[in-house]
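Hello,

Here is the structure for you to look through. My notes follow below it.

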Amino acid sequence: MILKGNQRGNGADLAIHLVNSFDNESIEVAQVYGAVADDLLGAFAEFEAVSLGTRAREYLYSLSISPPSPLTRAQYFEAIGMIEERLGLAGQPRAVVFHVKPDERGISREHCHVVWSRTDIEKMRAVHMAHDRRKLMDMAVALSHKFGLKMPPGLKAWEDKQKHEKEKLEVTLAEKAQAEATGITPEQRRAEITAAYEQSDTAEAFSAALEQKGYVLARGDKRGFVVVDKSGDVHSLARYIKGHKASAIKDRLAALRPEQLPGVDEAKEQVRQRAQALDERQREQRQEQEREQERQSARQRLEELRRQAEAKLTRNQTARRLELQQAAQEMLTRQQAERLALHAAQKTESRGILFRVRSAVADLIARTPGLRSVLSHIQKMTHLDPKERHRLEDDALSRRHARERLEIGRMRRMHARLDTRERASLEKAMRKAARLHEAARLEIERTAEQARSVENMAMQDFYEAARDQGLWKEREFKEGELRESFNMAAEFTEGANESGGEDEGYAPDWKDDADDDGDDDGPRFRRRRGKGFGYRRDSD
């Protein structure tokens, strides 16, 4: 079970967030306690009004409860009671909201939001929230045991009170920006460098393994060893090797002298040259067309996603507005009926003899000063004057109708804010989807680049192994030289066949000149056209 809580203000914004139907499949306001209003916006407005008697700016405490497996409503409220008792919020006004939304795998999961008012009305001060994170961690462990829930590694470590190595690297702002720019997360970089370190026995092998993965080991200006990645960014080596101490890393790499390693600028130049070679291969027309097709397909998918999301949002907002319009129409119809009913009742009563008699008596008392001074207060207490009573009834009905109209107006304003928030959520979701599509496209391109790099390195290893074993002799050809050599060899062969020289039928191989280094250390193998194979000695 995961518990996340924080103190905050701006209850109106929190209420709009909690009833945002775009980000959630379903919303249930299960409880509003300690407030006159039965909706979140009105309740949080009351909490804020009460907090004005204190100095507290963060007059709310918001908590989210996310269990790994479903809980019953009774279990949720039992957990809420235990948590508020532990935090010192027992008896405080609160609101409980349940959300259902899909997780990373698209599975719908339910979680709960609880919002308390921190204002203690009796003491007129905010409830002090000390060490609430530690208390929530303790409650998460206790509730996991109570309900038989599986605990994540962090909660297990908290329960055991033992220090453990962090499962994830604490990402800095610079690393986050690099990840957004390159598509490679710090965790991926850390895993690659750690794998290269653990698979290497010597410092030279580690440097070679880093080069195979696209990194360059260099000497730092202030730090002993640094790693320059494919983007030219410099990283501390000890930070990106997981599970090994800096002293042990330094001892293993002690065989590398500083002059053997390139500086940071030299390493960046090497990375730049590698990146330039990769960029040249990426400029091919066929690959550019494929990327353009993929971008077009991604745009179409995003447009279809936007159309579906806008249609869903429009349906929800239309249904909400229609419900409010129906409520307003029903209110107006009811108010009109109530006014007509009151007017009819008063009209019927005014025709009776008793009404006329009491009205005449009241008028007599009002006209006679002596009677007015003695009986006016009795008349007001007993409501002897029926006209005055009718006026009071009209005023009371008018005030109640005005309050109902104000409530409808408040709901309209809340719906307008909710529509704006949901529209902003839609735009945010579309921007996120666009980033995900772009990241996926970059990841595909990066994978293709890595595959080509591995293939090139494998070919290079093959050629180097062949050269080391003497299977072929390396020769560098200038541009066009190889073609000219082939053409010359072909012309020479045709001339020999036609001239019928002293060695008719023999066509000298053009490789002979290339391989001839002046050593006459034995017979050389020759092939005669149409005569099979044979040996030619120098004496022939």
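This is a predicted model: local features need pLDDT of at least 70, side-chain atom pairs count only at pLDDT 80 or more; totals for chains, interfaces and linings use all residues.

Residues are numbered from 1 along each chain as its sequence is written, and side-chain values use heavy atoms, with hydrogens and water left out.

Salt bridges

The structure holds 24 salt bridges (a side-chain nitrogen of Lys or Arg within 4 Å of a carboxyl oxygen of Asp or Glu). In one of them, arginine 73 pairs with glutamate 28, with the closest N and O atoms 2.6 Å apart. Arginine 73 lies in helix α3 and glutamate 28 in strand β2, so this pair ties together parts 45 residues apart in sequence (helices, H or I of at least four residues, and strands, E of at least two, are DSSP runs numbered from the N terminus).

Aspartate 419 and arginine 320 form another salt bridge, at 2.7 Å between the closest N and O atoms. The former is in helix α14 and the latter in helix α11, so parts 99 residues apart in sequence are tied together. Both residues, aspartate 419 and arginine 320, are buried.

Alanine 309

Alanine 309 is in helix α11 and is buried, at 13% relative accessible area.

Regards

Definitions and conventions. Buried means under 20% relative accessible area, exposed over 50%, partly exposed in between (1.4 Å probe, protein chains only).
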